[in-house]
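Here are my notes on this model. Please read them with the structure open.

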Amino acid sequence: MSTKHEDFVLAVEGLTVSFDGFKAVNDLSFYVDEGEIRVIIGPNGAGKTTVLDLICGRTQATSGSIKFRGEELTRMKEHQIVHHGVGRKFQNPSIYDDLSVFENLEISYPRGRSVFGSLMFKRDREVIEEVENIAEIIFLQNDLDKPAGLLSHGQKQWLEIGMLLIQKPDLLMLDEPVAGMSVAERKKTAELLNRITQGRSVIVIEHDMQFVEDIAHRVTVMHQGKVLSEGSMERVKNDPKVIEVYLGH
Ligand SMILES: Nc1ncnc2c1ncn2[C@@H]1O[C@H](COP(=O)(O)OP(=O)(O)OP(=O)(O)O)[C@@H](O)[C@H]1O
């Protein structure tokens, strides 16, 4: 039975962006299923980060289409895309160091629109329960009162993932989430990602091949703005084209 393109959570087709004539992303197509963890790998400058910028509306596409649950994202503004359920984590954590772990999660809860406004609203059961629930997923249930600035680098990364999770995105995009983490933290991050895929899709850009093996359902290898290879990790790592341009180095 063939799968219709409309069945995918995310369908990227013919996506192209040109910076002064240079096509950083060049006629790119790929499809992501619900519940899938897709990892994008490829050499420096392949266009990986630009793809996430295009999906979240930070960069305008020159041509092509990005359909998320059937809706065209290329015509939407960044905040509309967030509102449609796409969450993006950048490489550097953007947490509030002076606020506690609890408060960082609380201000990210969808009804709190500003730091001031959200701290003033009554902490009702619903918010507290959700914060505690997320804190457990991100291994910070025992650090709720700690100022975020005192967390380890890895814990800060988890907190930021938690701040996205509390907004219940249907698609979560992470750019090199384990950069700078210890081996133990990488293992726990893999466990975390494997736990959060129920009803949602995750796209991760990553260079750490052990981590990719631990999380990827499918891997898309990019090179010069295009898909060089795609499939299971097993298939991709044995693809001579991938070995030549990326893994062989
Ligand atoms: N706003 C921009 N203006 C001009 N060129 C850009 C812009 N953004 C990205 N590029 C160029 O597009 C290419 C792809 O960059 P991108 O950051 O997407 O690659 P990447 O695969 O994420 O690389 P890395 O692994 O190093 O992060 C690079 O040559 C980069 O210099």
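**Notes on the predicted model**

1. Val219 sits opposite Gly231 of strand 10. Strand 9 (residues 218-223) and strand 10 (residues 226-231) run antiparallel, joined by five bridges. Pairing here requires at least two bridges found by DSSP between the strands. Helices (H or I, at least four residues) and strands (E, at least two) are DSSP runs, numbered from the N terminus.

2. The model is predicted: local features need pLDDT of at least 70, side-chain atom pairs count only at pLDDT 80 or more, and totals for chains, interfaces and linings use all residues. Residues are numbered from 1 along each chain as its sequence is written.

3. Two residues lie between strand 9 and strand 10, which form a hairpin. Gln224, in the turn, has a positive phi of about 50°.

4. Helix 6 (residues 153-165) has 13 residues. From first C-alpha to last it reaches 19 Å, close to the expected 18 Å. The expected span is 1.5 Å times one less than the number of residues.

5. Helix 6 is largely enclosed by the rest of the structure, because 10 of its 13 residues are buried. Buried means 20 or more other C-beta atoms within 10 Å of the residue's own, with C-beta atoms placed from the backbone. Among the buried residues are Trp158, Lys156 and Glu160. The cover includes helix 3 (101-108) and helix 5 (125-137); contact means C-beta atoms, placed from the backbone, within 7 Å.

6. Residues surrounding the ligand include Phe19, Asn44, Lys48 and Thr49 (C-beta atom, placed from the backbone, within 6 Å of the molecule). Helix 1 (residues 48-55) gives the largest share of this shell, three residues.

Conventions
A residue is buried if 20 or more other C-beta atoms lie within 10 Å of its own, exposed if 12 or fewer, and partly exposed in between; C-beta atoms are placed from the backbone. Two residues are in contact if their C-beta atoms, placed from the backbone, lie within 7 Å.
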